[in-house]
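The stops below take you from one selection to the next.

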Amino acid sequence: MASSRDDFIIAIRSAFLKKSTQQKFSLSTLILISLFTIILSNYDFKIIRYAKIGINEVVYRSSFIVSIPENFIKNTFLEINEYTTFFKKYKEDQNELNKLRSENISNEIIQNENRELKELINDYVSSSEMLLAKIIVDHDSPFLKSIIINKGSKDNVKIGTNIFDQSYLVGRVIEVNYRTSRVLLLSDLNSNVPVTIAPQNVQAIITGSGTDFAQIKYIKEGIFDEFTEQSIIYSSGTGAIFKSGIPIGRLKSSVNEDIKEYNVEFYSDFSQLKYVFADVGSKIEITKVEEKSNNSEVEDKTPLNAKLKILEDELRIIEDSNLKFQSENDFLKTKINELNINITILKNEITNQKKIINQIDIDKEELEFLRLNLLYSHKCQTRKLFSTGYKIGTPEYKKCILNKGKIDD
Amino acid sequence: MINFKTKGFYYKLYTWFPIMFLFISVLNEFDFNYLNLRYFSFNFPFILIFYFTIKDVKNFDYSLVFLSGLVNDTVTGLPLGISSLSYILICIATSYIRNITIRPNPIKDWFYFLFVISLINSINYSVLTLFFSFDLILVSYLINTLFTFFFYIIFYSIFKYYMKGLND
């Protein structure tokens, strides 16, 4: 028993410490170096960072060169696959192209409208500058889903830069070297994206599952019933990690143990990516807003100051509105005076007109009397003997004339 | 199969083949992942390192194995040193089995390989999830271990021809 234990210890010691003539280092030394490297790589020292960037640059380029034969085989394999379904796909593509062309016009209109509305609500308008990047390493590891692109800090790529395939979101940059960067794909387990599910307008977070689908998380129970196969997933922009309104995929239902589940099927096929776009654009207006908010943040550090500032703002608003009301009041008073003067003038005018109308009426009556007088004066005039008429100028005479010569007994 | 009349340049190149192949495999991630088979992946460097260290092949230097681990970490995006540690642990395991074995048996080696890769993948998984907070699928690791185990015997028969050429 003791001898077997001794043998084991000797064998282990030999395995660790014995260095054959071929080997430059013993295994125990290399184990220690490995552990030291793991610990060091965990810290973000400047020297380590630069060493890592240097190793990355060399290894990525070497990997790209070494991968050429395998990529050639892979591409040939894919091309043969494509040729077998060529015609069918061509027909489908043609139909889709026609459909997309018509949709494109309305999309442009919506985009413009959206831009205008964003400006109206004081949202930022970011100027996107898309940089075409080639994928140099895309080894589809079963554990981590990431790609290496041939653009780095030299091309203004930063950690967090959004990466697109056409107009679809595919991931974000998690590691930047001088001329290369690593992109974490949306399908990776460590990828979380805040999204909006349309048309239900549900906010959620999708998490990569290591496959071609993503899982929907952090939504209320029962909301799943509202979803349909046609529901579209696009980034909501919450958290400012991803830009808002970028299409990601659509919902796909599956039945798992008699329970209907919804997963997100990505628009983009991550295994077929050759070129991608890196959004290195600057957010012009948001920077201003951010700067402004940063300044105000510094000022409003203490709660008392913040309270005072709110009260001052309130006071200023009240004073402003008071001034506005006063000037409005003055304006209304002058307007009332003007109107009163107008009324007096109009009243005078009416009195004058009434007078004129009365005069006209009198004249008209007089004229009628004179006309009738010519006709019936002989009937109403008094004679010297046996007279039945009236004396000229008397009211009775006038009445008689107006009654067309009829004398009242 | 291969007969080197004189141990000149070609023989030297031939002796460097395993380590060259190891570097190519870590740089290229030689794993047929583009076939898009969902439950298929295997770790070729594990097979290569295990086989050639158990045979104690000339020019298969541990320091180069360590370096290939660093390259693998860079390509796959793992924290630096993880793969190096795994590869060196394989080297220790093979060194130990070589010390205690008098009559080598391929089947025994094969099952010992299963034990070793299971242990190393477990360490790998634990370190990545516990210390680096990586989200990893355990099933993928199990499948990877299983396929690596199955493929070992296939590559064993291929590498046997290489060894025959080296010894002749």
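Select A:Cys400. With a relative accessibility of 1%, A:Cys400 is buried, because buried means under 20%. This is a predicted model.

Now show the sulfur of A:Cys400 and look for its partner. Which cysteine does a disulfide join to A:Cys400? The partner is A:Cys380, at 1.8 Å from S to S. A disulfide is a covalent bond between the sulfur atoms of two cysteines. Look along the S-S bond: the link of A:Cys380 and A:Cys400 is left-handed, with -80° about that bond. A:Cys380 sits in helix α6 of chain A (residues 303-380), and A:Cys400 sits in helix α7 of chain A (residues 395-402), so the bond ties together parts 20 residues apart in sequence. A:Cys380 is buried as well, at 0% relative accessibility. How many disulfides are there over all chains? The count is one.

Step over to chain B for a moment. Select B:Cys91: its relative accessible area is 0%, so B:Cys91 is buried.

Return to chain A and switch to the cartoon view. Here six strands close into a barrel. Trace them in the order β1-β2-β5-β4-β3-β12; the pairing is antiparallel. From one strand to the next, the twist averages 45°. Strands of a sheet pair through backbone hydrogen bonds, either parallel or antiparallel.

Pick strand β1 of chain A, residues 130-137. Select A:Val137, and you will find A:Ile148 of β2(A) opposite. Then select A:Ile135; opposite stands A:Ile149, also in β2(A).

Turn to the other pairing of β1(A). Which strand do five bridges join to β1(A)? That strand is β12 of chain A, residues 275-279, and the pair runs antiparallel. For a landmark, select A:Lys134: A:Tyr275 in β12(A) stands opposite.

Select helix α3 of chain A, residues 46-84. Helix α3 touches β1, β2, β4 (168-176) and β5 (181-185) of chain A.

Note on methods: Residues are numbered from 1 along each chain as its sequence is written. Chains are lettered from A and ligands numbered from 1 in the order in which they are written. This is a predicted model: local features need pLDDT of at least 70, side-chain atom pairs count only at pLDDT 80 or more; totals for chains, interfaces and linings use all residues. Side-chain values use heavy atoms; hydrogens and water are left out. A disulfide is a pair of cysteine sulfur atoms within 2.5 Å. Helices (H or I, at least four residues) and strands (E, at least two) are DSSP runs, numbered from the N terminus. Buried means under 20% relative accessible area, exposed over 50%, partly exposed in between (1.4 Å probe, protein chains only). Two strands pair if DSSP finds at least two bridges between them. Axes are lines fitted to C-alpha atoms, for helices over the stretch in contact, and angles run from 0 to 180 degrees between N-to-C directions. Contact means heavy atoms within 4.5 Å.
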